[in-house]
Every structure is written in C-alpha cells, then in structure tokens.
Amino acid sequence: MAATTTFEPPHKTSVFRSLEAFEAALATYEQETMSKFVASMKEKAFGQKIIKFSPQQKIYWELKHVPYDGIPFSLHGTKTYICHLGPDKNIRHKERYHARKKQQALDDHACMARPHHTKKRDCPAHVTAYQVVRFPAFKITDKSKSKRRQMSAALKKAIQTDASKVEAVVEYHTRFPDTREHQYHPTSGEAAGRCEPIDPRVRDKIVELALSGVSKAADIRQHLATYVAEELFCGEQPPPKTRRRFNPTQQDIWNVMARVKARTRGSNDDQADLDTQSTCSDLPQSTCTCSDPPQSTCSPQSICDDLPQSTCSDPPQSTCSDPPQRTRQRISKLHTECASLIQELADRISCLQDEEKLETLIGQLTNILEDMKKHIRNEKTRPNPKTRTPKKRKSDMVDLPVKAVPQKQMKDQCAEILERRM
C-alpha cells in the first residue's frame with residue numbers, strides 16, 4: 001500500500017489578539033512579498049468588539065487553521081482576502097458594459113469603443129482570517145470524543161446560566177501564503193514591482209498635497225520621494241525606484257489628483273455660497289447687495305408731476321450687462337469650436353449613404369435644435385427692419401406722449417432762432 005503524503009503549509013498559522021494587529025501583519029507581509037490582497041468575502045459578525053454568547057452556538061475543538069490544543073472555542077466570523085490579480089468577481093458586469101459600449105459605437109460613429117484590458121490573472125493565492133472566542137477554563141487533556149462532548153455540554157450550560165462569568169479570549173487565526181502559491185504573474189524583481197498598487201500612506205500623501213495647492217505632478221513626485229525616504233523608511237534603505245508601491249507613476253498621480261478635484265468641486269461651490277451668505281449677514285441691511293433693494297420712499301408719480309410732461313415717460317427696461325472681457329474670449333473660443341464641429345459633421349454627412357443612419361441622424365439633430373430653441377430665441381422670430389414695410393413699421397410704433405405747443409409761441413421761437421443765425 002502506497003504511503004500517503006500530506007501537504008505541509010510553508011507558513012504556519014499565526015495568532016493575533018486584535019484585528020488591528022492582524023491588519024498590520026498583513027500589510028507588512030504584502031510589503032515584504034511585493035503582493036497585495038483585497039477583501040473578497042466577509043461575514044457580518046467578523047471584527048465586532050461586542051460579542052454575544054448563545055447556548056445554541058456550535059463549539060469547536062479544531063479547524064483548518066486553528067489547531068487542537070485542548071481548549072474549546074466558538075467561531076465568531078471569517079474574512080477572506082484574495083490576490084489583487086486573482087479571479088475577476090465582476091466579469092459579468094464588465095461584459096455587459098463593454099457589449100453596451102460596442103453597440104453604441106455601431107449606432108453612433110461619434111462614440112468609440114475602447115479596448116477591454118484587465119489586470120486580473122486568476123491567481124489562486126488567498127488569505128482567510130478566523131475570529132474565534134476561546135474558553136480556557138474548559139480545557140481538557142483527553143482528546144476522546146466522549147470527553148469533548150461532555151465538556152461542550154458543560155460550557156453551553158455555563159453560558160446559559162450566566163455568560164458574563166465565563167472567561168473568554170478573542171483571537172484571530174490565519175495563515176499567510178508562500179510566494180510560490182501565486183501563479184500567472186511575477187512575484188519578484190522589477191516586473192513584480194510594476195504590478196504593485198500604490199501604498200495607502202503614499203496615496204493619502206498625494207491627496208494631502210493636492211488639497212494644499214500643489215497642482216503639478218512633477219512637484220508631487222519630489223515631495224513623495226522626500227516623504228518615503230525621511231518618514232516611511234527613516235534610517236533604513238529606501239525601496240528601489242522600480243517599486244510602484246512607493247514610487248507611483250505620473251499617470252497614477254494624475255488619477256489621484258483628478259479624483260480629489262472631482263470630490264472637492266461640489267464642496268467648494270457649497271462653501272462659496274455659505275461664505276456669501278455669512279458676509280451678507282454681517283453687513284448692514286442697506287449695504288448688502290445680495291438681498292432685495294429697499295423700496296424708494298418717493299413714488300414715480302410724484303416725480304412725474306414735478307417734471308414737464310414731455311420728459312416724463314415710462315422707465316426704461318433693465319438690460320443685462322455685457323460679460324467681462326475674459327468671459328467673452330472664452331465664449332468666442334467655444335463658438336469657434338462649435339462651428340468647427342458642425343462643419344466637420346456636415347462634411348461627413350455628405351459622404352454618408354446609409355438611409356437608416358441618415359434618418360436617425362435627422363432625429364438627433366432635430367432634438368438638438370429643439371433644445372437650443374428653449375435657450376436661444378430663433379432668428380426667424382426676430383424682426384428684421386430691412387424686410388418690414390413702412391406700413392408695418394408704422395403699425396408697430398408706440399404712441400408717445402407729446403405736449404401741444406400753441407401756434408403763436410411756435411412762431412415766436414422760430415423768429416428768435418432766425419435772429420440768432422443772422
């Protein structure tokens with residue numbers, strides 16, 4: 001009969017007294033082995049500080065990564081981490097997304113379907129953490145099945161009687177995989193360094209620099225080199241430049257800065273509104289321009305009574321002031337870009353021979369035109385003074401109030417004007 005061989009794990013089981021200690025050990029392991037693990041599955045009770053005991057809980061004596069030592073325990077929760085280059089958990093969602101984008105590219109030539117690239121390599125390496133509650137007061141020395149059954153019943157009875165008097169110790173058990181368990185991707189050298197994600201501390205430093213006003217990626221890289229050498233590896237040999245974990249690429253820095261800018265755009269607008277409101281609340285009511293202006297105590301009718309009838313007319317309608325010079329320049333640039341796009345669209349339409357595509361395009365252009373009509377008055381509805389007849393212009397004229405002048409007074413004024421000219 002052939003002898004059976006058992007697999008001995010390259011790394012023995014590690015035990016931690018707290019979740020923070022386990023997470024710190026996992027981060028150290030990732031840094032030393034140039035790997036990265038992401039959470040794949042987590043039970044709801046895993047990591048909770050307050051643990052409630054129940055007599056219905058199952059009592060264990062050993063598990064896969066919890067060896068037998070004679071102390072009973074209950075399993076409170078598990079959490080599984082997989083290699084960041086492991087199996088793709090969102091593959092179905094990505095396939096539907098790229099199929100939708102490909103169909104949009106076929107329907108609308110303005111849309112371009114980007115090639116589908118993924119970093120996933122189906123690496124099987126994983127880490128499973130077990131949160132257990134041990135009861136050292138019920139330890140046994142005999143591993144017989146009857147003795148374990150008897151001590152388990154005594155433990156459940158003690159929990160049912162008064163769970164607060166039962167001594168309990170919370171532990172986290174796990175086993176870190178060996179680098180040989182990683183497959184389909186490099187685990188050492190320069191190639192493995194390029195596959196590493198950015199360290200969370202380095203990412204937080206980029207966010208801090210971006211919020212402080214540093215806007216150039218080259219300046220951020222200089223600050224990061226100082227931060228890594230003087231703070232993360234103070235008194236130690238800094239990692240090589242090929243490790244992306246501590247030396248992110250320029251594209252990585254741009255991506256983080258873009259997310260910071262997108263996240264703070266809305267908050268800046270809200271803060272500006274709050275600052276405006278607080279400024280107006282601090283100023284006197286007469287100097288605040290954000291609220292409605294105070295009503296004048298002098299009525300327009302009393303002013304008109306004091307002035308000649310020919311000078312009193314309806315007040316002019318308020319008109320919008322011209323935009324600033326810089327705004328006009330931006331608007332002019334946008335007008336030029338729109339005209340260029342329209343010209344290119346017209347050139348391409350003249351070469352299009354697909355009848356269905358032309359009908360679809362007509363519908364899209366019609367929708368754009370209707371949307372523009374809601375914001376800008378159509379030129380056809382504007383009155384053109386060159387095409388209007390005198391009768392039409394006369395009918396549109398508004399009767400203005402004119403003060404009648406006596407004929408004798410008019411003759412005297414004409415004679416006075418002639419004498420001045422002579």
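Student: Among contacts between residues at least 6 apart in sequence, what share join residues at least 24 apart?
Tutor: The share is 79%. Please keep in mind that this is a predicted model.

Student: Okay, and how many helices and strands are there in the protein?
Tutor: The protein has 12 helices and five strands.

Student: What percentage of the residues count as buried?
Tutor: Of the 422 residues, 23% count as buried. The exposed surface comes to about 32200 Å², and 54% of that is supplied by carbon and sulfur atoms.

Student: Let's turn to the strands. How many bridges join strand 1 to strand 5, and how do they run?
Tutor: Strand 1, residues 14-16, is joined to strand 5, residues 169-174, by three bridges, and the two run antiparallel. Within this pairing, Ser14 has Thr174 as its bridge partner.

Student: And how many bridges join strand 4 to strand 5?
Tutor: Five bridges join them, and these strands also run antiparallel. Here Gln131 stands opposite Tyr172 of strand 5.

Student: Where is Lys42 found?
Tutor: Lys42 belongs to strand 2, which covers residues 37-42.

Student: Which residues is Lys42 in contact with, leaving aside its neighbours within four places in sequence?
Tutor: Those residues are Thr78 and Lys79. Thr78 is 36 residues from Lys42 in sequence, yet their C-alpha atoms are 6.1 Å apart in space.

Student: Why does Lys42 count as partly exposed?
Tutor: Its relative accessible area is 45%. Partly exposed covers the range between the buried limit of 20% and the exposed limit of 50%, so Lys42 falls in that class.

Student: New topic: where does Asp108 lie?
Tutor: Asp108 is in the loop that links helix 2 (91-107) with strand 4 (126-134). Its relative accessibility is 27%, so Asp108 too counts as partly exposed. Between Asp108 and Thr360 there are 252 residues of separation in sequence, while the C-alpha to C-alpha distance is 9.5 Å.

Student: What about cavities: how many of 30 Å³ or more are counted?
Tutor: The count is one cavity. The largest cavity holds about 80 Å³ of space.

Student: Which residues are the closest to its centre?
Tutor: They are Met34, Ser35, His84, His185 and Pro186, out of 14 residues that line the largest cavity.

Student: And what classes of residue make up that lining?
Tutor: The lining consists of six nonpolar, six polar and two charged residues.

Conventions:
Residues are numbered from 1 along each chain as its sequence is written. This is a predicted model: local features need pLDDT of at least 70, side-chain atom pairs count only at pLDDT 80 or more; totals for chains, interfaces and linings use all residues. Side-chain values use heavy atoms; hydrogens and water are left out. Helices (H or I, at least four residues) and strands (E, at least two) are DSSP runs, numbered from the N terminus. Buried means under 20% relative accessible area, exposed over 50%, partly exposed in between (1.4 Å probe, protein chains only). Contact means heavy atoms within 4.5 Å. Accessible areas come from the Shrake-Rupley method with a 1.4 Å probe; for residues, only the protein chains shown count as cover. On a 1 Å grid over the protein atoms alone, a cavity is a set of points where a 1.4 Å probe fits but cannot get out, and a pocket is an open set with protein on both sides within 12 Å along at least five of seven lines; lining residues have an atom within 4 Å of a point. Grid points are joined across faces, edges and corners, and a volume is the space filled by probe spheres set on the points. Ala, Val, Leu, Ile, Met, Phe, Trp, Tyr, Cys and Pro count as nonpolar, Asp, Glu, Lys and Arg as charged, and the others, Gly among them, as polar. Two strands pair if DSSP finds at least two bridges between them.
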